[in-house]
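Good morning, and thank you for joining this group meeting.

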Amino acid sequence: MTDIQKFSSDVKKIIKMNRFQDGSLNLEDTCEKIIGQFERASSVPASLSGSVASYWKTTYIDTSNEQENEPTQEHLDVLCGFLSFLENSDENFDLISNSDWKELSELVNCEAETLPIEILQQLMSILVEKGVF
């Protein structure tokens, strides 16, 4: 099992536990727990992983027309793609849209001064490969 698959499994457990405890899913609380899990699963500084997870919530969850079905498997897969980017893996890259790549680039640029150089180089290399720059 890869780290990304483990993260996905952990997120499914969070959703299941929240549904079980409350009888229905409290989306805000669930997303908060998912974001926390995302930050813990990522090896990059929490400021960047938190920004990426917040972008995911704002873009995919908050704008959904079907709030009662969120987070959908498709949206969770996108979040796994974002984690793959941060962890230098290519799992679920095909689910990351061009606009997502541009936003990820902006988020990395905003954090560039505080990121360890190795992490910055790794992320920038992926972004260049994806044609963002």
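Helices here are DSSP runs (H or I, at least four residues; strands are E runs of at least two), numbered from the N terminus.

Let me state the ground rules. The model is predicted: local features need pLDDT of at least 70, side-chain atom pairs count only at pLDDT 80 or more, and totals for chains, interfaces and linings use all residues. Residues are numbered from 1 along each chain as its sequence is written, and side-chain values use heavy atoms, with hydrogens and water left out.

Are tyrosine 55 and phenylalanine 82 buried or exposed? Both are buried, a word that means under 20% relative accessible area, with exposed meaning over 50% and partly exposed in between (1.4 Å probe, protein chains only). Phenylalanine 93 and tryptophan 101 form an edge-to-face pair, with 5.1 Å centre to centre and 85° between the planes. Phenylalanine 93 is buried at a relative accessible area of 10%, and tryptophan 101 is buried at 4%. One aromatic cluster consists of Tyr55, Tyr60 and Phe82.

I turn now to helix H5. Helix H5 (residues 98-111) has 14 residues and reaches 20 Å from its first C-alpha to its last, close to the 20 Å expected at 1.5 Å a residue; the expected span is 1.5 Å times one less than the number of residues. Which residues of H5 are buried? They are Asp100, Trp101, Leu104, Ser105, Leu107, Val108 and Glu111. Because these residues cover an arc of only 165° around the axis, they lie on the same side of H5; the arc is that of the directions from the helix axis to the C-beta atoms. As background, an α-helix has 3.6 residues a turn, so residues three or four places apart point the same way. On the face of H5 turned away from its buried side are the exposed residues Asn98, Lys102 and Cys110. The buried residues of H5 pack against H3, helix H4 (73-86) and helix H6 (117-129), where contact means heavy atoms within 4.5 Å.

My last topic is charge pairing. How many salt bridges are there? The count is 4, a salt bridge being a side-chain nitrogen of Lys or Arg within 4 Å of a carboxyl oxygen of Asp or Glu. Aspartate 10 bridges to lysine 6, the closest N and O atoms being 2.9 Å apart. Both lie in helix H1 (residues 3-22), 4 residues apart, about one turn of the helix. Aspartate 10 is buried, at 15% relative accessibility, while lysine 6 is partly exposed, at 43%.

Lysine 57 forms a salt bridge with glutamate 28, the closest N and O atoms being 3.2 Å apart. This pair links distant parts of the chain, with lysine 57 in helix H3 (residues 46-61) and glutamate 28 in helix H2 (residues 27-41), 29 residues apart. Lysine 57 is buried, with a relative accessible area of 12%.

Conventions
Rings of Phe, Tyr and Trp (its six-membered ring) pair if their centres lie within 6.5 Å; planes under 30 degrees apart count as stacked, over 60 as edge-to-face and the rest as tilted.
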